[in-house]
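The sequence and the structure are shown first.

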Amino acid sequence: MTMDKTPALDPKAPLVADTRTLPRSPGSSKDLSIDTSFPEKLGLDMIAVGAGENIQLRITLTSVSEGILVTGTVSAPITGECARCLTEIDDTLDASVSELYAFEDSTTAETTDEDEIMRLQGDLLDLEPLVRDALVFAMPNAPLCRPDCEGLCPECGQPRDTLPDDHSHEVVDPRWADLKKLL
Ligand SMILES: [Zn+2]
Ligand SMILES: [Zn+2]
């Protein structure tokens with residue numbers, strides 16, 4: 001019994017592109033715009049693209065001698081929390097994509113592994129792994145609400161952003177405290 005390594009693609013799936021209308025002469029190109037979403041969250045606890053969030057793929061397919069080059073951007077809303085101050089992050093993640101899909105009978109396909117270089121399946125391109133990888137790769141390991149977030153006050157645990165500039169926890173001399181009460 002022989003088994004296909006990869007399951008057949010569903011040409012109707014939102015992230016499967018049919019390239020039949022793209023001329024195979026090198027340099028020919030076609031723009032493609034796909035809006036989609038994933039049924040499950042993509043990412044980690046700290047930062048993720050939420051389930052069902054709108055993911056926008058804006059790409060150009062270009063014929064090259066060995067296959068089809070996919071370049072462009074993928075963007076999606078991300079939510080999570082700042083690694084320093086735990087403030088909620090509500091942002092947009094923009095990732096660029098650049099990937100060669102090799103023709104199944106090309107030299108590239110014959111001399112590389114399927115994990116290294118993607119393959120066309122007939123005229124179909126499976127864009128889903130590309131979108132997932134690009135988004136996950138672009139996600140910050142330690143997301144910040146802003147690049148210079150000052151984090152939390154180590155004494156009271158409040159975000160420094162919400163505290164006045166002169167915020168401090170100097171231990172007040174009890175004698176001075178008494179004097180203050182008098183004033
Ligand atoms: Zn922060
Ligand atoms: Zn404090």
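Residues 24 or more positions apart account for 57% of the contacts in the protein with a separation of 6 or more, a contact being heavy atoms within 4.5 Å. This is a predicted model, in which local features need pLDDT of at least 70, side-chain atom pairs count only at pLDDT 80 or more, and totals for chains, interfaces and linings use all residues. Residues are numbered from 1 along each chain as its sequence is written, chains are lettered from A and ligands numbered from 1 in the order in which they are written, and side-chain values use heavy atoms, with hydrogens and water left out.

**Fold and dimensions**

The protein comprises nine strands and three helices; these are DSSP runs numbered from the N terminus, with helices being H or I of at least four residues and strands E of at least two. Read from the N terminus, the order of elements is β-β-β-β-β-β-β-α-β-β-α-α. The radius of gyration of the protein is 26 Å, whereas a compact globule of 183 residues would have a value near 16 Å. That radius is taken over C-alpha atoms, and the globule rule is 2.2 Å times the number of residues to the power 0.38. The C-alpha trace spans about 90 × 40 × 30 Å along its principal axes.

**Surface and charge**

The accessible surface of the protein is about 11700 Å², and carbon and sulfur atoms contribute 51% of this; the areas come from the Shrake-Rupley method with a 1.4 Å probe, and for residues only the protein chains shown count as cover. Of the 183 residues, 31% are buried. Buried means under 20% relative accessible area, exposed over 50%, and partly exposed in between, with a 1.4 Å probe and protein chains only. The protein carries 15 positive and 35 negative charges, whose mean positions are 5 Å apart. Lys and Arg count as positive and Asp and Glu as negative, while His and the chain ends are not counted; each charge is placed at NZ of Lys, CZ of Arg, CG of Asp or CD of Glu.

**Cysteines**

Cysteine 82 is buried, with a relative accessible area of 0%, and cysteine 149 is likewise buried, at 4%. A search of the whole structure for disulfides finds zero, where a disulfide is a pair of cysteine sulfur atoms within 2.5 Å.

**Selected residues**

Glutamine 56 belongs to strand β5, which covers residues 55–64. Its relative accessible area of 30% makes glutamine 56 partly exposed. Leaving aside residues up to four places away in sequence, glutamine 56 touches Ile34, Asp35, Thr73, Val74 and Ser75.

Leucine 86 sits in the loop between β6 (67–81) and β7 (88–102) and is partly exposed at 47%. Its phi is near 65 degrees, a positive value in a residue other than glycine. Most residues other than glycine have a negative phi.

The loop between α2 (128–138) and α3 (174–182) holds glutamate 150, which is exposed at 53% relative accessibility. Glycine 157 is also placed in the loop between α2 and α3, and is partly exposed, with a relative accessible area of 38%. Lysine 181 lies in helix α3 and is exposed, at 68%.

| Pair | Separation along the chain | C-alpha distance |
|---|---|---|
| Glutamine 56 and glycine 72 | 16 residues | 11 Å |
| Glutamate 150 and arginine 160 | 10 residues | 6.1 Å |
| Glycine 157 and leucine 120 | 37 residues | 53 Å |
| Lysine 181 and aspartate 90 | 91 residues | 45 Å |
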